[in-house]
Structure formats: C-alpha cells, structure tokens
Number of protein chains: 2
Amino acid sequence: MFSIGQLSKRTKVKVPTIRYYEETGLLDAPERTDGNQRRYDAAGLERLSFIKHARDLGFSIEAIAALIELQGHPDRSCQEATNIATAQLSDVRAKIKRLRALEKELVRISKGCDEDGVSEDCYVLASLSEHGLCEREH
Amino acid sequence: MFSIGQLSKRTKVKVPTIRYYEETGLLDAPERTDGNQRRYDAAGLERLSFIKHARDLGFSIEAIAALIELQGHPDRSCQEATNIATAQLSDVRAKIKRLRALEKELVRISKGCDEDGVSEDCYVLASLSEHGLCEREH
DNA sequence: TGTAGTGTCTCTAGTGACTAGAGGGTCAAG
DNA sequence: CTTGACCCTCTAGTCACTAGAGACACTACA
C-alpha cells in the first residue's frame, strides 16, 4: 500500500493532481487509514500510470475517461479505443499544421528588423498592425 | 464612431472578449454615450486589430501588452519587439517538436489494432497502460 | 512515551483567455 | 412611441491543474 506521496513519486504525478483526478472521478477513491489518509494498492498505481501516460500524449480528461470506461468492456474496446486515438492523432496533426504556418509567419516577421540595429519603423510592430503584410491566413 | 458590436464585426473579435481586453488594460477604455454605451474611434479599431493579429499568431496577452508598450517608445522598439517575436518563435518551434513526437507515437499506437476488427487485447489500451511499449519519451 | 519533522487532510482561491447567462437599460427605425 | 436589436454590469463557469492556509497524522529516534 502506498501513501499519496509515494504514488506521486512513482508516477510523477503531483499530489494535488492525484486528488484532482479523484475528485473528477477519473481515479477511484482509495481506502483510508484510521487517520483519514489515502492508501493505494497496485490497481490504483496502474490506473494512475495509464492516466499519466495518456495525458502525456495529450488526451483530454474526457477522452481518458472514455478509454477507462472501455477497459471494462473488452467486447467493444478495440475499435472504439482506436477511434479515440485516431481522433487525438488528427487533433495533433491539425495543431502541427497551424503551428507551422505560424512559424513561417514569425520567421518572416522577425527577420524584418534585427539586422541593422535601430530602424524607426519596426517591422515587427508594423507587421502586427497590418494584416495585409502577411503572406497567408493564420 | 463604432459601437462595440460594429467593432466586433470588423475585427472578428467577440464582444465579451473586447470588454475583457478593456478590463485587463490591453485596450483603452473608450468614450461612452450618454446612455453609457462604448463608442470607438479609428485608433481603437487599429489597436484591436493589432491585438487580434498578435493573438492569432499565438502571442500571450502579456507579450502583447509589452508590444503595445513598445509602440510608444520608437527609440527602443525594434530590438525589443524582435526579441519578443523571436521568443514566440522558439515557443512555437518547441511546441511543434513535441507534437511531432506525439504524432509518431499515436500513429504507432493506433496502427496496432485497427486492421482485423476485434482482438481481445486492445493495443491502444495496452500501449497506454505500459509505457515500456513506447519507442521514445514524450 | 515524547517529540520533531515530514507528510497529509480539506477548503478556498488563482491561473489564462476567454465564454455563458441573468437581469436590466439604450438606441434607431418606422 | 413602440418594437426589436443592441448594449450594460455582474457573477460564474470552462480546462487542467497549482498555490496556500490551517489543521491533523504518521514515523523515526531519543
């Protein structure tokens, strides 16, 4: 049995975050000592590791709740779990796409003035003022 | 002079967001009609367009406040504005890098089971349970 | 058994950048 | 002068936590 602090160290999830997961129902409420402190078993550790891993991959709490729900239903697990993962993947890809557009624009903007010290019309500021200076939508 | 709704339409910034910008000091409080409604002039429109554009490029409110501050100081504008833009650029690049790692991992995970319908050990769920199945850190 | 020090408890409030809703007042056209 | 669209302030909610206060529990050592 682990205390919340030990669980925190093993999973690298902070103590208040663990309590937050419990509050939101992602994590089952564990047993308590006589003094009202939480004591976790191996199942709690496993569950929290799962959550941590999914969060690291950017899944929302909601998506994780759905995945956990599926763990209890092996009959319909695989396809639905894959769907959730695929949705997460397109989300990530959309974000990448958008960020790459921003990257290009920012490169263009910041190249404008940094070469010859002070110019009276700052290209960065001018670019932000006039959308017309942009090469594409963002 | 524009009402807040007209300003909203022109800039595509929602009305409550405009009020929020005013509240946080990003936007100057405009004149009011006798009936206490906001009336904006061209300067207000320009300022809000600037903010919108910078937000679209992912600058934080804090960074935008700094950029606005610089607009009043042309003597030290350029270098500092470029620094802010460059910081934003590295931020964007860091995010892209991380997302690309996630993308790879998600591709790997979701390829695991979607081919032959139902399998009793869902690879998606298994992958999330065991970090050891991952190819790299994320 | 006492005590010191670390860990844990609950509760409230704060983060960033908004968004939603209630309950009212104002403006402009017809 | 009424109708309907617009606007006002204020509070509370979003997501996924994070921070802090004030109190209580556990453990190791003397």
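Reply: In this predicted model, a polar side-chain atom of Ser3(A) is placed 2.5 Å from a phosphate oxygen of DNA strand C. From chain B, the side chain of Tyr21(B) has an N or O atom 2.7 Å from a phosphate oxygen of DNA strand C. Two elements give two or more residues each to this surface, namely α1 (4–11) of chain A and α2 (15–23) of chain B. The largest share, three residues, belongs to α2(B).

In total, 18 residues surround DNA strand C, and the closest include Gly5(A) and Arg19(A). By class, this surface has four nonpolar, nine polar and five charged residues.

As for the contact between the chains, 49 residues of chain A and 49 residues of chain B take part. Together the two chains bury about 4200 Å², of which 73% is on carbon and sulfur atoms. On the side of chain B, His53(B), Leu106(B) and Leu128(B) lose the most area to chain A, together 16% of what that side buries.

The interface has two salt bridges. Arg93(B) forms a salt bridge with Glu103(A), with the closest N and O atoms 2.7 Å apart. Eight residue pairs are in polar contact across the interface of chain B and chain A. The side of chain B that touches chain A receives the most from α5(B), with 23 residues. That side divides into 24 nonpolar, 15 polar and ten charged residues.

Notes: Residues are numbered from 1 along each chain as its sequence is written. Chains are lettered from A and ligands numbered from 1 in the order in which they are written. This is a predicted model: local features need pLDDT of at least 70, side-chain atom pairs count only at pLDDT 80 or more; totals for chains, interfaces and linings use all residues. Side-chain values use heavy atoms; hydrogens and water are left out. A residue is near a molecule or strand if one of its heavy atoms lies within 4 Å of it. A polar contact is a pair of N or O atoms within 3.5 Å; within protein, one must be able to donate a hydrogen and the other to accept it, and residues adjacent in sequence count only if both atoms are side-chain atoms. Helices (H or I, at least four residues) and strands (E, at least two) are DSSP runs, numbered from the N terminus. Ala, Val, Leu, Ile, Met, Phe, Trp, Tyr, Cys and Pro count as nonpolar, Asp, Glu, Lys and Arg as charged, and the others, Gly among them, as polar. Contact means heavy atoms within 4.5 Å. Buried area is the accessible area (1.4 Å probe) that two parts lose on being put together, summed over both. A salt bridge is a side-chain nitrogen of Lys or Arg within 4 Å of a carboxyl oxygen of Asp or Glu.
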